[in-house]
Amino acid sequence: MSYLKTDHPGEKLIKWLYYVTSSVRIHQDNNQLVRDGVAQLKACIGELSPGGDAAIQIWRGRFHIQGEKLVYRRDTFAVINEMLEYFSRRGLGGLCFLPQAASAPHESVVAFIRLLNECAKREDASGWLDLQLEKHGLSWVEIYRKPDESREGTGAGTGQGQEMSPEEKAQKAYFHAIDTLKASSGQSAGAMGGIRKARRLAQTIVDMARSDSALLLGMATRQDADNRTYVHSVNVAFIASCLGRRAGLSRVSLEHLAVCALYHDLGRLGNIEETFLAEGAAGKGEQDRMERHSLIGVKEILKLNAPQPLRSRIVFGAFEHHLNCDLSGSPRTHYVRELSLVGKILRIADVYETLTSGQGNPPLAFTPDEALRLMWTERGKSFDPLLMKYFVSVMGIYPIGTIVELSTGETGIVMDYLSEADRDLPCVMLLKDDGQGGFTRGEKLDLSSREGTGCAPERTITRTVHFSELGIQPSDFFQQGLQAVSPASEIREAQADQSS
Ligand SMILES: [Fe+2]
Ligand SMILES: [Fe+2]
């Protein structure tokens, strides 16, 4: 087995996976070669991420281990290519070994490897494998579907083999997330299907956070009073994923964060709260209500028919999202010494979304920049100071979706920031009066552009306006027209054309 000599733990993991998937084809489970291979595979998993997740993912035809591209060497090239082909034949985009994998029994690992081999013969290989993992209780490993297949699973595909625009993909994922939450609420004990869908959705949300966070943040400005908690939960998932990405979370951690965010208010979805009250729980005041839904959420999550490792992670979001950084807030607890990273991120996303929602009684009508300034003054007390810095850097001084009035008298919506340096000079889409009391999409401008004006920007922002004043949904302007490229991309392309 000289070809297995390598120092890179990711490379070793792929090679031992290759070795074990090959050896179980010709040997019995208890064969010594199979035993040795499985032991080595588990050792690699433990070495790669002691006590954490070990993720293998395929991105643009290359393996990425723990989010880092695997560098190929000449003597490993053949085995790695063979494994790329192996994953591709099974419609797999990768595998995630949870911390329990390093201590999983030999029989359990062999059972997984045999299922992995077997699934290639099935029509929907990755879907079949996912079901088998659930059926056999193999909760120490999770699969990633290939991006094209996961779109289908999230309802984000066209179903006609057409490439979707980023706006179309974001819109479909958004509404599919709401449907998934509706399906999950009130039927937690049997909601495995909902959890599985939520996990696939989380993969789509993370893909979008990595490729076009401005579009995701724009979509997260959507409001719907009739579906307030559902819309809020999806918005929080979108915002938290962008913040988590800026904070440097691995892809696997981001996906767990997104699932956690989707379920963070499970205690107030559907009629769960009413059922709890009917069962005799006391207290109907706002403080009790706040305290109660965090605890109901925990109770409901513990009932979810989901793998225990995933359940134990998402429970943090429900329990901690109303706790401040200094541990004041709800629920009052003596058990927590410090909030988890997930809890700290959710706290920020949850408060920001609530402050800017225009919902509540009386309605909270902070413009996004006002909400950000208010939250900034609370850093260290309510919010983790470093995460707040990341949050401001993700959102910009005028967060995506803010309606701004310009020095020229024009009104526009902040769509993106093209310059990392000028976080107060966004890219804006002007609002054009449609002559019927509404607005349509107008010209797109980069306020950081100093072309033809010496050094001062041509237009500046004079004030911000709450969306309810104009009676519009900023999120509509991130979807309307469903163009093939996002507004910021259009400007980037136009600038590239001019400079070439
Ligand atoms: Fe909440
Ligand atoms: Fe919330």
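In what order do the five strands of the open sheet stand, and is their pairing parallel or antiparallel?

Analyst: This is a predicted model, in which local features need a pLDDT of at least 70 and side-chain atom pairs count only at pLDDT 80 or more, while totals for chains, interfaces and linings use all residues. Residues are numbered from 1 along each chain as its sequence is written, and chains are lettered from A and ligands numbered from 1 in the order in which they are written.

The five strands stand in the order S9-S8-S7-S6-S10, and their pairing is antiparallel. Helices (H or I, at least four residues) and strands (E, at least two) are DSSP runs, numbered from the N terminus, and two strands pair if DSSP finds at least two bridges between them. Strand S9 (439-446) and strand S10 (461-465) stand at the edges with a single partner strand each, so one side of each is left without a neighbour in the sheet. From one strand to the next the twist averages 40°, with axes taken as lines fitted to C-alpha atoms (for helices over the stretch in contact) and angles running from 0 to 180 degrees between N-to-C directions.

Going through the pairs, strand S7 (residues 411-416) is joined to strand S8 (residues 427-433) by four bridges, the two running antiparallel, and here Val414 has Val428 of S8 as its bridge partner. S6 and S7 form a hairpin with four residues between them, and Gly409 in the turn has a positive phi of about 90°. S6 also pairs with S10, in the antiparallel sense and over four bridges, and there Val404 stands opposite Thr464 of S10.

Around this sheet, the secondary structure of the protein comes to 20 helices and 10 strands. One helix pair can be described closely: the axes of helix H7 (residues 166-184) and helix H10 (residues 228-246) come within 9 Å and cross at roughly 125°, which makes H7 oblique to H10, given that angles under 35 degrees count as roughly parallel, over 145 as roughly antiparallel, 65 to 115 as roughly perpendicular and the rest as oblique. The residues that make the contact include Tyr174, Ile178 and Leu181 of H7 and Tyr230, Val234 and Ala237 of H10, where contact means that the C-beta atoms of two residues, placed from the backbone, lie within 7 Å.

The loop between helix H14 (308-320) and helix H15 (341-356) holds Pro331, and the peptide bond from Ser330 to Pro331 is cis, with omega near -10°. Leu327 is in the loop between H14 and H15 as well, and has a positive phi of about 70° although it is not a glycine. Leu327 counts as partly exposed because it has 14 C-beta neighbours inside 10 Å; a residue is buried if 20 or more other C-beta atoms lie within 10 Å of its own, exposed if 12 or fewer, and partly exposed in between, with C-beta atoms placed from the backbone.

As for confidence, the protein averages a pLDDT of 81, with 82% of the residues scoring at least 70, where pLDDT is the predictor's confidence in each residue, from 0 to 100. Over residues 481-492 pLDDT stays under 50, and the model has 30 contacts beyond four places in sequence for them.
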